[in-house]
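Visitor: I am new to this structure and would like to learn how to read a few of its features. Please show me where to begin.

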Amino acid sequence: MAVDIQPACLGLYCGKTLLFKNSSTEVYGECGVCPRGQRTNAQKHCQPCTESPELYDWLYLGFMAMLPLVLHWFFIEWHSGKKSSSALFQHITALLECSVAAVITLLVSEPVGVLQIRSCRVLMLSDWYTMLYNPSPDYVTTVHCTHEAVYPLYTIVFIYYAFCLVLMMLLRPLLVKKIACGLGKSDRFKSIYAALYFFPIVTVLQAVGGGLLYYAFPYIILVLSLVTLAVYMSASEIENCYDLLVRKKRLVVLFSHWLLHAYGIISISRVDKLEQDLPLLALVPTPALFYLFTARFTEPSRILSEGANGH
């Protein structure tokens with residue numbers, strides 16, 4: 001097969017797009033940016049992204065999908081007051097919004113109409129920041145080769161957040177107006193107002209730190225889930241198993257944190273060797289058990305009461 005010979009392509013992410021191909025000839029264009037859905041190979045040719053995401057890629061997307069859902073639940077609980085039934089309906093609605101947004105996002109991504117995506121393999125951190133690697137051959141003219149080398153892991157998150165925001169604005173105000181009768185008019189929509197603040201924040205977080213989050217999210221999940229579980233149990237003055245079992249809500253919070261622990265452990269291990277990694281899930285209840293066994297030595301209720309009295 002004859003291949004069109006052209007000068008070497010400079011830059012880490014610059015490539016040559018295939019212009020013509022038959023049984024004996026391949027003709028490539030000039031060195032430049034690869035089209036969306038393609039990235040360069042070792043020969044500096046733009047190749048379509050045809051692989052399926054790895055388990056770790058799906059776990060990363062799951063983490064980015066959970067962020068707005070967890071924030072929704074937090075602010076719903078924060079602003080719902082004592083109206084537990086109102087909070088429950090809002091929790092379910094937030095889960096429905098994020099689930100529908102995730103399904104729609106997968107359906108509109110390539111290949112369109114099916115619940116799967118094609119992706120390019122993430123090879124290194126710089127794949128997320130191709131704009132920083134545009135070459136300047138003569139130190140004057142810059143060849144712009146910025147493209148999504150990690151297609152579609154970068155942009156699909158923005159699409160998902162956009163659908164989450166649209167669905168929230170369509171569904172949540174009507175629901176809150178119907179069921180949150182016990183709250184004041186100014187309090188009813190505070191969880192929605194909070195979402196209008198945190199959606200831009202998580203969007204900027206993905207835009208600036210997407211690559212860092214890709215490699216760090218398992219550890220972020222573990223650390224934050226451990227800290228929030230300890231804070232919740234101490235604030236609820238849980239000092240023994242009876243205190244934990246006396247309310248269903250506390251069990252729900254505990255099991256939710258256990259799921260996050262398991263998610264973080266699986267993300268770190270990547271389940272490369274199933275028989276070696278699965279026993280690590282036995283560590284999931286360890287933080288809660290450690291807290292219950294040591295709570296009587298620290299007496300969280302006494303610390304909280306002294307803090308409230310200003311001592």
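Visitor: Is L125 buried, partly exposed or exposed, and why?

Guide: This is a predicted model. Buried means under 20% relative accessible area and exposed means over 50%, with partly exposed in between. L125 has a relative accessible area of 37%, so it counts as partly exposed.

Visitor: Where is L125 found?

Guide: L125 lies in the loop between α2 (84-108) and α3 (155-179).

Visitor: Which residues form a nonpolar patch on the surface?

Guide: A residue needs over 30% relative accessible area to be part of a patch. Here L125 belongs to a nonpolar surface patch with L12, L123, M124, M131, L132, Y133, L212 and Y215. Together these residues have about 850 Å² of accessible area.

Visitor: Now R250. Is R250 buried or exposed?

Guide: The cut-off for buried is under 20%. R250 has a relative accessible area of 11%, and therefore R250 is buried. Its place is in helix α7, which covers residues 248-269.

Visitor: Which residues is R250 in contact with, apart from neighbours within four places in sequence?

Guide: R250 is in contact with Y232, S236, I238, D243 and L244.

Visitor: What does the protein chain come to in secondary structure, and what share of its residues is buried?

Guide: The protein chain has 10 helices and 5 strands. Of its 311 residues, 38% are buried. The accessible surface of the chain is about 17,800 Å², and carbon and sulfur atoms account for 68% of that surface.

Methods: Residues numbered from 1 in each chain as written. Predicted model: local features only at pLDDT ≥ 70, side-chain atom pairs only at ≥ 80, totals over all residues. Heavy atoms only, no water. Patch = residues over 30% accessible without salt bridge, like charges linked within 9 Å, V, L, I, M, F, W, Y side chains within 5 Å. Areas by Shrake-Rupley, 256 points an atom, 1.4 Å probe, with all protein chains shown as cover. Salt bridge = Lys/Arg side-chain N within 4 Å of Asp/Glu carboxyl O. Helix = DSSP H or I, 4+ residues; strand = E, 2+ residues; numbered from the N terminus. Buried < 20%, exposed > 50% of the residue type's maximum accessible area, 1.4 Å probe, protein only. Contact = heavy atoms within 4.5 Å.
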